[in-house]
Amino acid sequence: MESSILESIGQEIIGVMSPVSLCMLLVVLLVYSLSDSNPFSSSSAPIRTAANLVYLENPSDTTAQKLEGALLNALVFVILIAIVTFVLVLLYYYNFTNFLKNYMRFSAFFVLGTMGGSIFLSIIQHFSIPIDSITCFLLLFNYTIVGVLSMFSGGMPIVLRQGYMVSLGIIVATWFTKLPEWTTWVLLVALALYDLVAVLAPGGPLKLLVELASSRDEELPALVYEARPTVSRNEGNPRSTLGHLVAGVSDSGSVELQAVSNNNVRRDGAENRRSPEYTAIQVRNLEYVEGERNRDEGERSPLVGHSRERYSSDSNSSEYSTVIHNRESEASVDEEMSPLVDLLGMDNEREHERRDSVVASRGIKLGLGDFVFYSVLVGRAAMYDLMTVYACYLAIISGLGCTLILLSVCHRALPALPISITLGVIFYFLTRLLMEPFVVGMATNLMMF
């Protein structure tokens, strides 16, 4: 019924990896650009957020204190996320959909307006961009309003919505890079483990949310990036492109064919049903005329599979009008008098339209949190060295590719953080502790250029 993702795995992977790569690249550029300006410089004092409520890391603390404080911060943050997610699941279960939509609109407005505005002002200050306060306010206001409308209103271009989703991830990830180093790494590992449990474990909040949305045939009440495939609605169902054929046999014996869409056939069927002249049609096998009389009378024409023929009541006319079904139609044709509307297969057409809509809406959806924490990992790596940035980027992309392959095999919702975050953290520390000293030592001793 639905085509597998494996049939277009290359297109699916590119459709997801391109925005993820763009998000990580822009976060790295922001970290490098704003390294000397507040509030995102690593040398400035750490800020108090929900991710470090318990322990505020100081450079003078010992390694044991930093590790213990980072574990406490990660535990409290994961508990808060779990509580908020369960509350959202309960609200969605009791059909507080409008409240959830308004909450997401407010969250997007707050992030774009305040957090994005702070980054925008830091960029203006760092690069000494000549702009007055009124113009800056209007630009920020328009950017925020258009972003909220594009993400939560219909009729907007999908490219605009995807762009704002990426920008939302960039803003949040840039703020998360302000966290202390130990808290950042422990928090990333804790979130990867939480994502694994929340999506796969029985009774997990994210699993419950996905199952509820699937049972109601609704979109997820969350900020997700949708990578829609470039598959037309008719490509998933070849029958919808065939439609029906209308054939007319004239006095001279020539056969004329004309394609008619399904909507036209339905409309004609409704009109014929209302008209007393076409309340019933005699159905029989159509035989070829001139040049085909050497065949048996019982042989069916190769041109048509099932036909319905209307014989005109006027004796001076010998013209026939036949509506020909597709060869793939499974409905049997009654040889007796039957209404035209019963032969059109309205239920089958509605079923095919429903399948077309399923194919059109098929696509990989990646949560905004995945964008954020991928970029946080790369942004934290960018604070040390570019070599660690390359290693972490390759690890994250490799993990995301493995997740997409598993998605095409399992055909169920899978967490996108565990594989990528695990590989990213491992590659970061291996590069920092082993590869970077080796490469630098080889280069300084002129053994490798």
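1. The nonpolar surface patch draws its largest share, 7 residues, from helix α4 (residues 133–152), where helices (H or I, at least four residues) and strands (E, at least two) are DSSP runs numbered from the N terminus. The patch is formed by F109, I134, F137, L138, F141, I145, V146, L149, M156 and L160, which together have about 870 Å² of accessible area. Patches are made of residues with over 30% relative accessible area and no salt bridge, like charges being joined within 9 Å and nonpolar side chains (Val, Leu, Ile, Met, Phe, Trp, Tyr) within 5 Å; the areas come from the Shrake-Rupley method with a 1.4 Å probe, and for residues only the protein chains shown count as cover.

2. The model is a predicted one, in which local features need pLDDT of at least 70 and side-chain atom pairs count only at pLDDT 80 or more, while totals for chains, interfaces and linings use all residues. Residues are numbered from 1 along each chain as its sequence is written, and side-chain values use heavy atoms, with hydrogens and water left out.

3. A polar atom of the S122 side chain lies 2.9 Å from the backbone oxygen of S118.

4. The whole structure contains 2 salt bridges, a salt bridge being a side-chain nitrogen of Lys or Arg within 4 Å of a carboxyl oxygen of Asp or Glu. One of them joins the side chains of R432 and E181 at 2.8 Å, N to O, and it links distant parts of the chain, with R432 in helix α13 (residues 418–444) and E181 in helix α6 (residues 181–200), 251 residues apart. R432 is partly exposed at 25%, and E181 is partly exposed at 29%.

5. A salt bridge also joins the side chains of E219 and K365, at 2.5 Å, N to O. This pair, too, links distant parts of the chain: E219 is in the loop between α7 (205–216) and β1 (224–227), K365 is in strand β6 (residues 364–367), and 146 residues separate them. E219 is exposed at 52% relative accessibility, while K365 is partly exposed at 34%.

6. An unreviewed UniProt entry places the feature "transmembrane region" at several spans, including residues 12–34 and 182–201; such annotations may be inferred rather than shown by experiment. In the model, residues 12–34 are 96% helix, with end C-alpha atoms 34 Å apart, and residues 182–201 are 95% helix, with end C-alpha atoms 28 Å apart.

Conventions:
A polar contact is a pair of N or O atoms within 3.5 Å; within protein, one must be able to donate a hydrogen and the other to accept it, and residues adjacent in sequence count only if both atoms are side-chain atoms. Buried means under 20% relative accessible area, exposed over 50%, partly exposed in between (1.4 Å probe, protein chains only).
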